[in-house]
Amino acid sequence: LVVCPNKVRRSWRQIAVEGRDAPGGGRDEPWWPGLRLEVLPKGAAAQRKTLAALEAGEVDVLVANWESIAKLSRLEPFGNIEMTPKEREPGPLNRVQWATVVADEAHRMKDRRAKQTRAVKAVAFGTPSCGTGPAPNRWAMTGSVVGDNSAEAWSMFASVEKGDSPRLSLGTGIWCCSAKAISLVRLVRSHSRHGAITRISGARP
């Protein structure tokens, strides 16, 4: 599963399976021809058709925009936030055992209370009542620097690294008050400036 902004959904398909025109002329070849990649369409009927193919094992990769996730997944509980029965009910994305969940522009998960953040967590870590468990591979990618707010950084970490993400107070203490964490932030900022993709996992003092 790839969760990304609406404006780059088609780019994932072009780069992966179709190829696209290269800057300065010529054409970039696709890097995975034959991959059964589907972009979640607009419209309820078209979405149901795509999701049915996904559950039937006819789709390898689903690309969905951030706004659609909370409509297709249950929400992970958070604190004392009240949830409706609809928000507790598993959705189509919870019934799939994902091998990989990618959050593209992961700073969209900086609000730990937001529905889309809690929906991505619910998909990434599985729903036992549906017979699904955590995706073995969980990636958060962003080139946007998070502001000086440790809770926002914690929210992104906790959305992909549940086992390495203790509760908020302890997690921010581990990541934000250690020399290793400071070095990690410098590394991410450096890589972000050069357009690299960096995976962060389990910083410890």
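The buried ones are Ala151, Trp154, Ser155, Met156, Phe157, Ala158, Ser159 and Val160. Helices here are DSSP runs of H or I with at least four residues, strands are E runs of at least two, and both are numbered from the N terminus. Keep in mind that this is a predicted model: local features need pLDDT of at least 70, side-chain atom pairs count only at pLDDT 80 or more, and totals for chains, interfaces and linings use all residues. Residues are numbered from 1 along each chain as its sequence is written, and side-chain values use heavy atoms, with hydrogens and water left out.

α6 also gives the most to the lining of the largest cavity, four residues. A cavity is a set of points on a 1 Å grid over the protein atoms alone where a 1.4 Å probe fits but cannot get out, and lining residues have an atom within 4 Å of a point. The whole structure has one cavity of 30 Å³ or more, and the largest holds about 60 Å³ of space. Among its lining residues are Glu76, Arg112, Lys121 and Trp154. The lining splits into four nonpolar, three polar and four charged residues.

Glu76 turns up again in a salt bridge with Arg74 (3.3 Å, N to O); the term asks for a side-chain nitrogen of Lys or Arg within 4 Å of a carboxyl oxygen of Asp or Glu. Glutamate 76 counts as buried at 12% relative accessibility, and arginine 74 is buried with a relative accessible area of 12%.

By that rule there are six salt bridges. Another one joins Asp60 and Arg36 at 2.9 Å, N to O. Asp60 sits in the loop between α2 (44–55) and β5 (61–65) and Arg36 in the loop between β3 and β4, so the pair ties together parts 24 residues apart in sequence. Asp60 is partly exposed at 38%, and so is Arg36 at 39%.

Then there's Arg108 with Glu67, at 2.8 Å, N to O. This pair links distant parts of the chain, 41 residues apart: Arg108 is in the loop between β6 (100–104) and α5, Glu67 in helix α3 (residues 66–72). Arg108 is partly exposed at 27% relative accessibility, as is Glu67 with a relative accessible area of 42%.

Methods. Buried < 20%, exposed > 50% of the residue type's maximum accessible area, 1.4 Å probe, protein only. 1 Å grid on protein atoms, 1.4 Å probe; cavity = no way out; pocket = protein on both sides within 12 Å on 5 of 7 lines; lining within 4 Å. Points joined across faces, edges and corners; volume = space filled by probe spheres on them. Nonpolar A, V, L, I, M, F, W, Y, C, P; charged D, E, K, R; others polar.
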